Amino acid sequence: APLQKFYDMEGGEAAFAEYAEIVAGELCSLCTKIERAPGSSVSVFGHAVFLNAVAMMLAGKAWGASAETVQQLKTLDLGEAEGIEVKREGGTCAVRHISVRPHALWA
């Protein structure tokens, strides 16, 4: 289900934000390693909705994504074996739905 469904529940947005903060704390140690190595990305794997929450924290809070990008994350409904690419380049933040299956909605 999209993250928005859970945000609409009483306390839902706060609960998912708290979860994302816990994950972010665990990722901080990895970020220092990334700074010392070539490359500019980190992969995070997880279940739908929880993965969306982490992407929302990264894009919305840490990288200052636009309202349009935040809305895209709120309505993104991940299926099995799908993910979210969160990319920051030149002061902008973008998200992209990644799927290993062909799907008419994401062509």
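Predicted model: local features only at pLDDT ≥ 70, side-chain atom pairs only at ≥ 80, totals over all residues.
**Exercise 1. The overall layout**

Task: State how many helices and strands the protein chain has, and give their pattern along the sequence.

Solution. 
Step 1. Count the elements. The protein chain has 4 helices and 2 strands.
Step 2. Order them. Along the sequence the pattern is α-α-α-α-β-β.
Step 3. The chain has 107 residues, and 29% of them count as buried. Its accessible surface is about 7300 Å². Carbon and sulfur atoms account for 56% of that surface.
Step 4. Look at contact range. Take contacts between residues at least 6 apart in sequence: 51% of these join residues at least 24 apart.

**Exercise 2. The hairpin**

Task: Work out in which sense β1 and β2 pair, and which residue is the bridge partner of Val 86.

Solution. 
Step 1. Set the limits. β1 covers residues 82-89 and β2 covers residues 92-99.
Step 2. Read the pairing. The two strands are antiparallel, with 8 bridges.
Step 3. Find the partners. Val 86 bridges to Val 95 in β2. Glu 89 has Thr 92 in β2 as its bridge partner.
Step 4. Inspect the turn. The hairpin has 2 residues between the strands. Gly 90 takes a positive phi there, near 55°.

**Exercise 3. Two helices side by side**

Task: Determine how the axes of α3 and α4 cross, and which residues meet.

Solution. 
Step 1. Take the geometry. The axes of α3 and α4 come within 10 Å and cross at roughly 175°.
Step 2. Classify the angle. Angles over 145 degrees count as roughly antiparallel. So α3 is roughly antiparallel to α4.
Step 3. List the contacts. From α3 come Asn 52, Ala 55, Met 56, Ala 59 and Gly 60. Across from them in α4 are Val 70, Leu 73 and Lys 74.

**Exercise 4. The nonpolar core**

Task: Find which residues have the most contacts inside the largest nonpolar core, and which element gives the largest share.

Solution. 
Step 1. Size the core. The largest nonpolar core has 18 residues.
Step 2. Assign the elements. Two or more residues each come from α1 (3-7), α3 (50-62), α4, β1 and β2. The largest share is 5 residues, from α3.
Step 3. Leaving out residues up to four places away in sequence, Ile 84 touches Leu 51, Asn 52, Ala 55, Leu 73, Leu 76, Leu 78, Val 95, Arg 96 and Ile 98.
Step 4. In soluble globular proteins, nonpolar side chains tend to be buried together.

**Exercise 5. Residues of α4**

Solution. 
Step 1. Start with Thr 69, which is in α4. Beyond four places in sequence, Thr 69 touches Cys 93 and Val 95.
Step 2. Turn to Gln 71, also found in α4.
Step 3. Finish with Lys 74, in α4 (residues 67-75). Lys 74 and Pro 2 are 72 residues apart in sequence, but 6.2 Å apart from C-alpha to C-alpha.

**Exercise 6. A lysine on α3**

Task: Is Lys 61 buried or exposed, and which residues does Lys 61 touch?

Solution. 
Step 1. Lys 61 is in helix α3.
Step 2. The relative accessible area of Lys 61 is 60%. Exposed means over 50%. Lys 61 is therefore exposed.
Step 3. Lys 61 touches Glu 21 and Met 56, not counting residues up to four places away in sequence.
Step 4. The C-alpha atoms of Lys 61 and Ala 17 are separated by 9.9 Å. Along the chain these two are 44 residues apart.

Key: Residues numbered from 1 in each chain as written. Heavy atoms only, no water. Pairing = 2+ DSSP bridges. Buried < 20%, exposed > 50% of the residue type's maximum accessible area, 1.4 Å probe, protein only. Contact = heavy atoms within 4.5 Å. Areas by Shrake-Rupley, 256 points an atom, 1.4 Å probe, with all protein chains shown as cover. Core = buried A, V, L, I, M, F, W, Y, C linked by side-chain atoms within 4.5 Å. Axes fitted to C-alpha atoms, helices over the stretch in contact; angles between N-to-C directions. Parallel < 35°, antiparallel > 145°, perpendicular 65-115°, else oblique.
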